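Please look over the sequence and the model shown below before reading on.

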Amino acid sequence: MNLKEELKKLKNKLSVFLAVKAIADHFASIRNISLDAKIDDYIKWNFENMVKGEYTNFDEHWVSIELRNFIEKMAVWYELRYPDYEINRLMPGSGQEGMKVSDVMFNSNSYINELLDENSDVRALDWDKFYNTSAFIKSLPWEERYRFQRARYRNLVYVDPNYILHAHLHLTSRGFVESAEGFDSYSNYKVTNKQLKGMHVKDVVKLLEENGITLPSDNELEATINNVEKWIKQKEGLLDAVMYRIIERGGNCIGPRRGFLFAKEFERNIDIPVMYAIDRSDPGLRLFINEYIKAGGSKDLMCYVGYFSRTNKMKKLDTISIQDLILTQSNDAATFYTPEETELHQRMVNVLSSQVDQNEVKKEQVKILRLQRRLEKSKRNTK
């Protein structure tokens, strides 16, 4: 085979490789957008980091199923707390019903009506505050409630677990050193027991490294740090997964709005619900975007267009920035700007108008002063 044929063969292989890579990249980008895929990724991470090796093979299988069920359960709880019509009342979209969930639960509830009179204080309760996060978590069985426990550091950690009489730390649950023993001799007095008291265990590890002290690979200081960080990550990841499920379950209008409420309450990223909210047929889209901006959102955020209306889940979605959306999406068929934006514009006009008026007054005052000076000068000259 001559050189020309070899080059042609290599070129064909390269073309095939690039085509396969392009397809793989396309599928990867589509998967990164999918809310369901994000939940799958979290459950997989949880299995690899929190489950694998900690249970029997049979139990490992069920732990992941139970986690998925709990994500669904929490998403449903949030729907019960904020039904569709309540979301539309808080952030108008479409299909508004003339009802409030608090009235349904406390005023139109036959059980309450049979037990309490119409002037009872219970009728003034707000359902979303009544069915709050704390009450929901406390109502859960232990096998679900434990997921919300605060991460805790071990109270006793050894530098070398094989020599438990050597250097070790007594820690608070938040990781601060209550007392240290054995570090004077362990570090050849580069780091002292007294010096470590009150420090966080992360800073202890950093201080030892700065002094050239290498910790054993199985040291318990870094082990407890890693365990706490994994616990925090699994808890944060759980809340994100619930938010993804809330968005997906709610559909094009309600999903992003309910997800936005969840994000604000649980300190998640408010960008994510808005990224999936762009549906030009949504009559309340501009109002929702305004809520996002007021909550500190960015006009540079890039959003997916028509995520919920796509007929083919493998189709690539167009994107649009919040800034471009604001410039092109009208409030409704009659007005481009929302009532709030119109009011703000009017305030700005009023302020600018008052400034112009003040400037005109100042100009007239200057003219008068100039005339007075000229008259005074003219009088002096005539004398």
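Where is the place of glutamate 267? Glutamate 267 sits in the loop between H13 and H14, where helices (H or I, at least four residues) and strands (E, at least two) are DSSP runs, numbered from the N terminus. This is a predicted model, in which local features need pLDDT of at least 70 and side-chain atom pairs count only at pLDDT 80 or more, while totals for chains, interfaces and linings use all residues. Residues are numbered from 1 along each chain as its sequence is written, and side-chain values use heavy atoms, with hydrogens and water left out.

Although glutamate 267 is not a glycine, its phi is positive, at about 55°. Most residues other than glycine have a negative phi. Glutamate 267 counts as exposed, at 69% relative accessibility; buried means under 20% relative accessible area, exposed over 50%, and partly exposed in between (1.4 Å probe, protein chains only). Asparagine 188 is another residue other than glycine with a positive phi, near 55°, and it lies in the loop between helix H10 (183-186) and helix H11 (193-196). With a relative accessible area of 63%, asparagine 188 is exposed. Within helix H15 itself (residues 285-294), Leu285, Arg286, Phe288, Ile289, Asn290 and Tyr292 are buried.

Consider next the chain as a whole. The protein chain has 17 helices and five strands, and of its 383 residues 36% are buried. Among its contacts (heavy atoms within 4.5 Å) with a separation of 6 or more, 57% are between residues 24 or more positions apart. The chain exposes about 24000 Å², of which carbon and sulfur atoms supply 53%; accessible areas come from the Shrake-Rupley method with a 1.4 Å probe, and for residues only the protein chains shown count as cover.

The whole structure holds 16 salt bridges, a salt bridge being a side-chain nitrogen of Lys or Arg within 4 Å of a carboxyl oxygen of Asp or Glu. One of them joins the side chains of arginine 245 and glutamate 72, with N to O at 2.7 Å. That pair links distant parts of the chain, with arginine 245 in helix H13 (residues 220-265) and glutamate 72 in helix H3, 173 residues apart. Glutamate 72 counts as partly exposed, at 24% relative accessibility.

Lysine 73 and glutamate 144 also meet in a salt bridge through their side chains, with N to O at 2.7 Å. Here the distant parts that are linked are helix H3, which holds lysine 73, and helix H9, which holds glutamate 144, and the two residues are 71 residues apart. Lysine 73 is partly exposed, with a relative accessible area of 35%, whereas glutamate 144 counts as buried at 17% relative accessibility.

Arginine 268 forms a salt bridge with glutamate 236, and the closest N and O atoms of this pair are 2.9 Å apart. The pair spans 32 residues, from glutamate 236 in helix H13 to arginine 268 in the loop between H13 and helix H14 (271-275). Arginine 268 counts as buried at 11% relative accessibility, and glutamate 236 as partly exposed at 34%. Elsewhere, salt bridges that share partners join Glu72, Glu79, Arg245 and Arg249 into one network.

Which residues line the second largest pocket? They are Tyr55, Asp59, Trp62, Val63, Glu66, Asn69, Phe70, Glu143, Glu144, Tyr146 and Arg147. The elements that give two or more residues to this lining are helix H3 (57-81) and helix H9 (142-145), and the largest share, six residues, comes from H3. On a 1 Å grid over the protein atoms alone, a pocket is an open set of points where a 1.4 Å probe fits, with protein on both sides within 12 Å along at least five of seven lines, and lining residues have an atom within 4 Å of a point. The volume of the second largest pocket is about 210 Å³, a volume being the space filled by probe spheres set on the points, which are joined across faces, edges and corners. Its lining divides into five nonpolar, one polar and five charged residues, where Ala, Val, Leu, Ile, Met, Phe, Trp, Tyr, Cys and Pro count as nonpolar, Asp, Glu, Lys and Arg as charged, and the others, Gly among them, as polar.
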